[in-house]
Amino acid sequence: MARDLVRLLSADPELGERLTPEEQERARQQLVAGVLHVPTGRWDPATAVEPGSSPLALLIIDGLLLRDLDLGRRSSTEVLGSGDVLRPWDADSPVSELPLVARWTILEDLTVAVLDERFLHAAVRYPSVIDALFGRAARRNRGLAVRLVVNQLVRLEDRLLLAMWSLAERWGRVTPDGVLIPMGLTHSALARLVGARRPSVTSALGDLSRDHLLERTEDGWLLRGDPAHLVDPVTERLLAPA
């Protein structure tokens with residue numbers, strides 16, 4: 001695992017959107033962070049933190065990461081990618097007597113900036129950058145809340161479609177054929193994402209592909225249609241009496 005440096009506003013220009021052009025140039029020079037390059041496979045985020053240090057957070061610059069939280073044979077999966085802010089030393093610390101186990105899996109080579117004390121001392125001169133980082137954390141919480149709603153749906157095809165449209169909101173690209181999510185999520189990863197078994201997900205994906213709503217391509221997952229059209233029928237099924 002290699003370590004080098006990155007200018008944060010060059011790697012993630014959105015952080016400096018509310019700065020004036022003059023401030024952006026100064027911040028680009030001053031806001032520098034150490035970077036970790038981590039290959040695909042299992043990952044222990046503790047390796048990103050030097051002994052005795054207390055960084056503010058980790059910022060994903062590039063790559064794709066899954067975080068699984070296991071409780072016995074049950075698990076919940078979160079998809080994380082560029083722009084997401086992590087504090088795994090807080091999120092994965094024991095908070096109750098529940099035997100929770102966190103697992104981190106890198107699906108696409110990960111580049112992570114370590115926002116340490118040096119970064120924080122420089123960033124306090126630019127409050128809008130700090131505010132943008134807090135906004136990233138709020139965005140991640142909103143994504144988790146959306147997943148809680150989606151995973152209450154009974155019909156697996158609905159859960160898959162809405163979960164994928166939620167990912168498209170963050171990472172989707174509009175193409176002539178539909179909205180492309182450039183992620184190599186496997187059937188097993190999707191099963192964990194929507195709280196289902198892999199064979200059931202494979203079957204549901206086949207149905208969605210035949211209906212031309214969701215298709216696996218060489219570049220990722222291709223969504224077709226309008227997500228707004230899903231709301232009424234999904235709501236009707238969710239609220240229908242048993």
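Predicted model: local features only at pLDDT ≥ 70, side-chain atom pairs only at ≥ 80, totals over all residues.

User: How many residues of α6 are buried?

Analyst: An α-helix has 3.6 residues a turn, so residues three or four places apart point the same way. Burial can be read against that pattern. In α6, 13 of the 16 residues are buried, and the helix is mostly covered. In α5, the buried residues are S128, V129, I130, L133, R136, R140, R147 and V150.

User: How do the axes of α6 and α7 cross?

Analyst: Two packed helices are described by the angle between their axes and the distance between the axes. Here the axes come within 10 Å and cross at roughly 100°. Angles of 65 to 115 degrees count as roughly perpendicular, so α6 and α7 are roughly perpendicular to each other. On the α6 side, L156, R159, L160, A163, M164 and L167 take part; they meet L190, L193 and V194 in α7.

User: Which residues touch the most other members of the largest nonpolar core?

Analyst: In soluble globular proteins, nonpolar side chains tend to be buried together. The largest core in this model has 31 residues, and L160, L167, L185, L190 and L223 touch the most other members. Elements giving two or more residues include β4 (57-71), α6 (156-171) and α8 (198-210). The most comes from α6, with ten residues. Another core, of 22 residues, lies apart from this one; V6, V85, I130 and L133 are among its members.

User: What does L167 touch, leaving out residues up to four places away in sequence?

Analyst: L167 touches V79, G172, I181, M183, L185 and L193.

User: Is T111 buried or exposed?

Analyst: Compare its accessibility with the cut-off: buried means under 20%. T111 is at 16% relative accessibility, so it counts as buried. T111 is found in strand β7 (residues 100-115). Beyond its neighbours within four places in sequence, T111 is in contact with V35, L36, H37, L59, I60, I61 and D62.

User: Where is confidence lowest, and where is it highest?

Analyst: Start with the overall figure. The mean pLDDT is 87, and 90% of residues reach 70 or more. Confidence is lowest in helix α9 (residues 228-239), at a mean of 57, and highest in β11, at 96.

Technical notes:
Residues numbered from 1 in each chain as written. Heavy atoms only, no water. Core = buried A, V, L, I, M, F, W, Y, C linked by side-chain atoms within 4.5 Å. Buried < 20%, exposed > 50% of the residue type's maximum accessible area, 1.4 Å probe, protein only. Helix = DSSP H or I, 4+ residues; strand = E, 2+ residues; numbered from the N terminus. Contact = heavy atoms within 4.5 Å. pLDDT = per-residue confidence, 0-100. Axes fitted to C-alpha atoms, helices over the stretch in contact; angles between N-to-C directions. Parallel < 35°, antiparallel > 145°, perpendicular 65-115°, else oblique.
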